[in-house]
Amino acid sequence: MIARIGKIASRVASYLQAVPLALILGFFFLLPILMIAVVSFWDYDFAGLYPDFLTMNYTDTLGSWVTWKTYLNTLKYTAMVWGLTLLIGFWVAYFLAFHIRTTTMQMVLFLVCTVPFLTSNIIRMISWIPVLGRNGLVNTTLIEMGIIPKPIEWLLYSDFAVVLAMVHLNTLFMVTPIFNTLMRIDRSLIEAARDAGANGWQILWNVIIPLAKPGIAIGSIFVVTLVMADFSTVQVMSGGQSASVALMMKNQMSLLQYPAAAANAVVLLIVVLLMVAAILRVVDIRKEL
């Protein structure tokens, strides 16, 4: 009897310990999502919002070819940025983990990578404009060297500029989890593979990359969610010539079309959750958590 009471008390204590976290998650995470979902069914006009239960916002969103084109454009940016950040981030993390011998120097170089994050994303993004512009650093240098006869137009206000800025802004989110995973790899495994006759590429492909998959998955989740929700980079770096789902929602909110923007937000959330679920199906990240 005493043992049973003790077990019940222990269970109650566990639930009480989880209450603060549950309240925080409920208030700051679940409640806002619930409010967005509720508002997405409301009616609206130029004068205000009217609580209702209409599917009009979803039918207008999913029934428009402009919406589908915008989603495809957003997914295109996401795929390109994910691939480039993965390539760059993996090799930076690999260099820091396996080619820098001392822990102190690893930390110093890693902190150097984080220095740009001491400034605003907007500042780092618009810093590309004087570099890529028609009379910017790149075009001026190439013309003076005689490599091109006139400025390259597509360097700025194009998909190239959008992807470049996004890669610059998000690469560190790929470097950090991969570097953390690579630092946990037992170096004796690499020595064993080398003793068994494996060359450098075989060790990389058969030992390091499989063990780095949890970090790659975490970095992929960061990059995918950040790019899918980015609107300022698309707006500024494309010069208004391209669009993304987040930018479409921002324009709807500027026109006070909050229910339509909420419906788009719910659809975007579902798409992102499906992408994250696909990543988690491929890689088990519980090893990193």
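**Notebook: salt bridges, a pocket and the listed spans**

I began with Glu-191, which counts as partly exposed at 42% relative accessibility. The model I am reading is a predicted one. Glu-191 forms a salt bridge with Arg-194, and the closest N and O atoms are 3.2 Å apart. Arg-194 is also partly exposed, at 43%. Both residues sit in helix α9 (residues 187–195), and because they are three residues apart there, about one helical turn separates them.

**Other salt bridges**

How many salt bridges does the structure hold? I found three. I noted the general point that side chains of opposite charge can pair when their charged atoms come close.

I looked up Asp-159 next and found a salt bridge to Lys-76, with 2.8 Å between the closest N and O atoms. This pair links distant parts of the chain: Asp-159 belongs to helix α8 (residues 159–183) and Lys-76 to helix α3, 83 residues apart. Asp-159 is partly exposed at 32% relative accessibility, and Lys-76 is partly exposed with a relative accessible area of 32%.

Then I checked Glu-153, which forms a salt bridge with Arg-134; the closest N and O atoms are 1.9 Å apart. Glu-153 is in the loop between α7 (137–144) and α8, and Arg-134 is in the loop between α6 (129–132) and α7, so the pair ties together parts 19 residues apart in sequence. Glu-153 is exposed, with a relative accessible area of 52%, whereas Arg-134 is partly exposed at 48%.

**Thr-78**

Is Thr-78 buried or exposed? I have it as buried, because its relative accessibility is 3%, and the cut-off for buried is under 20%. Thr-78 is placed in helix α3. Leaving aside neighbours within four places in sequence, I found Thr-78 in contact with Val-224, Val-227, Met-228 and Met-275.

**Largest pocket**

I put the space in the largest pocket at about 410 Å³. Its lining has 18 residues, and nearest the centre lie Trp-82, Leu-86, Ile-216, Ala-217 and Ser-220. Which elements give two or more residues to this lining? They are α3 (65–98), α10 (200–228) and α13 (258–282). I sorted the lining residues into 15 nonpolar, two polar and one charged.

**Listed spans**

I looked up the UniProt record, an unreviewed entry, which lists "transmembrane region" for residues 21–42, 77–96, 108–129, 160–182, 203–229 and 258–283. I checked two of these spans in the model. Residues 203–229 are 96% helix and 0% strand, with end C-alpha atoms 37 Å apart. Residues 108–129 are 64% helix and 0% strand, and their end C-alpha atoms lie 29 Å apart.

Conventions: Residues are numbered from 1 along each chain as its sequence is written. This is a predicted model: local features need pLDDT of at least 70, side-chain atom pairs count only at pLDDT 80 or more; totals for chains, interfaces and linings use all residues. Side-chain values use heavy atoms; hydrogens and water are left out. UniProt positions are given in the numbering used here, feature names are shortened, and annotations may be inferred rather than shown by experiment. Helices (H or I, at least four residues) and strands (E, at least two) are DSSP runs, numbered from the N terminus. On a 1 Å grid over the protein atoms alone, a cavity is a set of points where a 1.4 Å probe fits but cannot get out, and a pocket is an open set with protein on both sides within 12 Å along at least five of seven lines; lining residues have an atom within 4 Å of a point. Grid points are joined across faces, edges and corners, and a volume is the space filled by probe spheres set on the points. Ala, Val, Leu, Ile, Met, Phe, Trp, Tyr, Cys and Pro count as nonpolar, Asp, Glu, Lys and Arg as charged, and the others, Gly among them, as polar. Buried means under 20% relative accessible area, exposed over 50%, partly exposed in between (1.4 Å probe, protein chains only). Contact means heavy atoms within 4.5 Å. A salt bridge is a side-chain nitrogen of Lys or Arg within 4 Å of a carboxyl oxygen of Asp or Glu.
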